[in-house]
Amino acid sequence: MIDPKLLRADPEAVARNLARRGVELDVARLRALEERRKSAQVEADRLRAERNANAKAVGMAKGRGEEAGALLARGEQLTGELSLAEQALTSVQGELEAWLMTLPNLLHESVPDGRSEEDNREVRRWGEPRAFDYDPLDHVAIGERLGGLDFEAAARISGARFVVMRGQIARLHRALAQFMLDLHTLEHGYTEVYVPYLVQSQALIGTGQLPKFEADLFAVRGEQGFYLIPTAEVPVTNLVREQIVPAEALPLRFVCHTPCFRSEAGAAGKDTRGMIRSHQFDKVELVHIVRPEESYRALEALTGHAEEVLKRLELPFRTVALCAGDIGASAAKTYDIEVWLPSQRRYREISSCSNDEAFQARRMQARWRAPQGKPEPLHTLNGSGLAVGRTLVAVLENYQQPDGTVLVPKALKPYLGGLERLGATG
């Protein structure tokens, strides 16, 4: 949520920032709501003060042995009027908050201008794409040759955009997740957490998926109103919801491996072949909870930790700064890491690393207290470290061999019992 104080103090500046995203802020509506809120607040305060003064007058009259009937009647009248005024104030505050919940975050000044992914700015590359002397196969063909990817079986069970993994490929998928967890916990200093895969709506409101992006979620039928998590960012970031974190406990760094569930409502016709865009996929998520002045250093560190996974796997990648028109609603700044896929002859997103500043923290009431200071919102960051399925795709495609086998990256051999390559059997 955007800072309400900033909205009240300088709505034009907020409108200019949101315009970079292509979002129009209705300043006239904001001012009208604010005037209604102020008027309701003034009236409620006036009635409360008058009721308090009247109650004091009742006490004084009784103390003097005087008749207090008229004052008592006026007190009852004021109580009724105050109740109505407080209801009006609650109503306009709710209307204002509901509208503010639909607004995206303000952009950091370093975010490049632009309207689509074509305007994203490359900041660095690592590794050289492999030169093939044959047309490289895509991961679907490789996986089917190895007997390890079965999309037809998944479709019989669940429909499109699911996969069944078997044998060595299922083992490789598990090894990738374990390798990422070990790297981040043992070398990068993260605390591993295990979290629920089902969350209530309030958790999704806190991280910004609700109310705006409900169509992208899977709701679970039942009495309790659960949603399947679209990313571990939701439950992990909500660990500090409605908390005041001591200054000495910061920064917090969490890593979490979970399945993720997304309806892909806005992705009709995109990446229908294979595992690039699935309803269910695994991800190792990185979350930082930090002091505000540390969040942009934390963004660079988090992005570097995700990049290190690809470096260890020796997979070529590039990192891009997302432009104003391509960035997620909760983020103030985002880097996408894109891995090279030989079959597509292009880089594809494998991680998105974002600084949400205080946007999520305000929605969650997640705060910290500086020494001798008042509680203030934390800054939250998140990023994939990495998406396990897309990393599997990249390994299969980049390490494929002309004989149909797939070499195992050096970093993964200890997790596969020293296995050198994935073959057609086993």
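Q: Is Trp 340 buried or exposed?
A: Let's start with a single residue of this predicted model. Buried means under 20% relative accessible area. Trp 340 has a relative accessibility of 15%, so Trp 340 counts as buried.

Q: How are the rings of Trp 340 and Tyr 347 arranged, stacked or edge-to-face?
A: Tyr 347, at 10% relative accessibility, counts as buried. Its ring centre lies 5.0 Å from that of Trp 340, and the two planes stand at 70°. Planes over 60 degrees apart count as edge-to-face. The pair is therefore edge-to-face.

Q: How many aromatic pairs does the structure hold, and is the pair of Trp 126 and Phe 317 stacked or edge-to-face?
A: The structure holds five aromatic pairs. In the pair of Trp 126 and Phe 317, the ring centres are 5.8 Å apart and the planes meet at 15°. Planes under 30 degrees apart count as stacked, so this pair is stacked.

Q: How many residues apart are Trp 126 and Phe 317?
A: Trp 126 belongs to strand S1 (residues 121-126), while Phe 317 belongs to strand S11 (residues 317-321). The pair thus links distant parts of the chain, and the separation is 191 residues.

Q: Which ring does the charged end of Arg 253 sit over?
A: Two arginines can be described here, each with its charged end over a tyrosine ring. For Arg 124, the ring is that of Tyr 335, with the centre 6.0 Å away. For Arg 253, the distance to the ring centre is 5.7 Å, and the ring belongs to Tyr 190.

Q: Which side chain does a polar contact of 2.9 Å join to that of Arg 348?
A: Arg 348 lies in strand S13 (residues 346-355). With a relative accessible area of 10%, Arg 348 is buried. The polar contact of 2.9 Å joins its side chain to that of Gln 344.

Q: What is the volume of the second largest pocket?
A: This pocket is lined by 18 residues, and those nearest its centre are Asp 3, Pro 4, Arg 362, Gln 365 and Pro 377. Helix H1 (4-9), helix H8 (201-207), helix H11 (359-364) and strand S15 (375-377) each supply at least two lining residues. The volume of the pocket is about 330 Å³.

Conventions:
Residues numbered from 1 in each chain as written. Predicted model: local features only at pLDDT ≥ 70, side-chain atom pairs only at ≥ 80, totals over all residues. Heavy atoms only, no water. 1 Å grid on protein atoms, 1.4 Å probe; cavity = no way out; pocket = protein on both sides within 12 Å on 5 of 7 lines; lining within 4 Å. Points joined across faces, edges and corners; volume = space filled by probe spheres on them. Helix = DSSP H or I, 4+ residues; strand = E, 2+ residues; numbered from the N terminus. Phe/Tyr/Trp six-rings, centres within 6.5 Å; stacked < 30°, edge-to-face > 60°. Buried < 20%, exposed > 50% of the residue type's maximum accessible area, 1.4 Å probe, protein only. Lys NZ or Arg CZ within 6 Å of the ring centre and 35° of its normal. Polar contact = N/O pair within 3.5 Å; in protein donor to acceptor, adjacent residues only side chain to side chain.
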